[in-house]
Structures are given as C-alpha cells and as structure tokens.
Amino acid sequence: MPSLWAKLWILCCKKVEYKQLALTTFLETSMPSTRSWKAVTTLIVLSLVWSTLFIAVKIADQLVAPMTLMFDRALIATLCLAPFATVAYRKYSMTGLSLHWKQFFCCIIVGLLIAYMWLVIALAETVISSGIASLLTSSIYVFSWLICVCILRNKPFDLRHALGVIVASIGLAGAVGLPHLLAHNTQLHSALLFSSGFLAFAIASLLSKKYTNDLPVMFVTTLNLFFTTLFLGLGGMLHVLPWHQSYALHPMLSILWAGMISTGIGYYLYFNLLNSDGPLFANCFGYLVPVFGLLLGVFLMNEKITWLQVAGIP
C-alpha cells in the first residue's frame, strides 16, 4: 500500500498533467496553427488572383468571342502547367501508384463542369458589370453548403453557417436588384446563368475532393484543365474557330493574364487548398472575391459602384 506522502505526490503530478493538458488544449483551440495560417494566406491570394479574372474577361470580351476567350485561357494554362504536371506524376508513379479509371473519369466530369462555368461567365459578363459578377461569386459557398448539408449530409447543420448562407442569399438578390427580379429581364437571366456556373463548380469541387484527393495537386489541376480545353475546343468549333479570331493588343494581354495567372496559378492554389482543407473552406473565396472585384472594377474599369450597391440595394 502506498504511503500518504506517495499518494499526495501522485495527486500533485496528476494536477500538473491536467494543467499542462488544459493549457495545450487552450492554445490549440484559441491560436491558429501554422497550417491554418498558411491556408488562410492561400485563400486570400487565391481570391485576389481570381478577382483579376473578371477584369481580364471584361476587357477581352470587347473584341473576342466568349467561347474563343475561354478556350484560349484554358489552352494557355494547360500548356504552362504541363511540364510541372509531368514531373509530378513521374514522382507519383515511382511509388508504385497509378491513375485509376475512376479518377480519370472524375477529371473528365470536372473538366466539363469547369468548361460550362467559364462559358456562362463569359456570356453573362457581356450584360452584367464585372463588379456585380464578382458579387455573384459568393453563390458558390451557398451551393457547396447546401449540397454538403442537405444532399450529401456529410456536414452537420450549423446555425452560424446557416445564417451566413441566408445573408449571402439576400445579398445576391440585392446585387441583382429587386426590379430585375420582378421584371424577368436580361439582367436577371444573365445573373441566373452566371450563378448556375458556380453551382457546376461547387459540384466539381466535391467530386474532385472525393476521387482525386490522393493524386498530385499539379497533375490533377493540369488534367482537369486539359479536359476543359478539350470541351471548349469542341464547343468552339460550332461557334467561332480560335484561329479565325482576330486579336488586338489589349485583349491578347488580358487573355495571357487570364491563362497564366488567373487560371494556371489560381487553379493550382485552389486544388491545393481543396486537397488540404476541403471544399467548404476552399469555396470561401466566394466571399473574398467580391471585395477585391469591386475595388478593381472601380479603380481599373472606372465602374460606378455606389454605397447603396455595396449594401445590396440597386
């Protein structure tokens, strides 16, 4: 039987262990880890990079057909990323692993969904401003949350997230404008078309996370963009062939920026974030892009954004 002093010693040791455990738990929950800071930084950079896309599309839309614009963008990004993707897959295959047919088929579907999203964005931006287009980007988180909670049911219902989705939905309606919602005019149709593209992208992010999470991020990004290029090229043959399109200097610079920076770097950052932190966190870019998009629209495109429009009142 242990003595009284021994029991007291054991009790003191346990108290010290409990205090250390409590302190460790408090630090882990109250202070972000290095990985979370990296994820937040990546999300901010991604949102800034993608907010420039609306400006580039708006400039290029003036002289370049929407289908051709999206094809050029996808082709430039794919060609820029292809060498890095080849090296990444070779390292992956050296471990004895290979691309499964389900992963390959998933990349085809994701490429098709991305191609649809790009096309409807280019078409809608011929009617709506780049500032309003960036506001509608927040619809992607709404769609992602609804799919995860209501359809897939792989995320628990959270009241704070639900309130955020409701506020975002009200903001989307306000950005389009009550008169446009009641009149069913071109502005409303363009906004609905634009939002349907982000519904497709939300589905694409969930599929990619489920089936290609163990593949190299650079390889997944490039393969998805390759199929996006393929689908846009096939669709473009029914509309305007890219090599029959005339290019001016400013639209060409915009296309190069959209392909190399907004698409190449942007999609690599996105799929990297999707791989590490999941679709709901990655799709939070929809809340940050409007902020950068509105500011860029004012300073670079001289668009008139009033305080009432910022508040969601047309």
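Ser 208, Lys 209, Thr 212, Asn 213, Leu 215, Pro 216, Val 217, Val 220, Phe 271, Leu 274 and Asn 275 line the second largest cavity. A cavity here is a set of points on a 1 Å grid over the protein atoms alone where a 1.4 Å probe fits but cannot get out, and lining residues have an atom within 4 Å of a point. This is a predicted model, with local features needing pLDDT of at least 70, side-chain atom pairs counting only at pLDDT 80 or more, and totals for chains, interfaces and linings using all residues. Residues are numbered from 1 along each chain as its sequence is written, and side-chain values use heavy atoms, with hydrogens and water left out.

Back to that second cavity: α9, α10 (217-236) and α11 (249-277) each give it two or more lining residues, and α11 has the largest share, with three. Helices are DSSP runs (H or I, at least four residues), numbered from the N terminus.

Now for the largest cavity. It has 13 lining residues, and Trp 50, Leu 53, Phe 54, Ile 121 and Phe 198 are the closest to its centre.

| Cavity | Volume | Lining by class |
|---|---|---|
| Largest | about 110 Å³ | eleven nonpolar, one polar, one charged |

In total, the model has two cavities of 30 Å³ or more.

Definitions and conventions: On a 1 Å grid over the protein atoms alone, a cavity is a set of points where a 1.4 Å probe fits but cannot get out, and a pocket is an open set with protein on both sides within 12 Å along at least five of seven lines; lining residues have an atom within 4 Å of a point. Grid points are joined across faces, edges and corners, and a volume is the space filled by probe spheres set on the points. Ala, Val, Leu, Ile, Met, Phe, Trp, Tyr, Cys and Pro count as nonpolar, Asp, Glu, Lys and Arg as charged, and the others, Gly among them, as polar.
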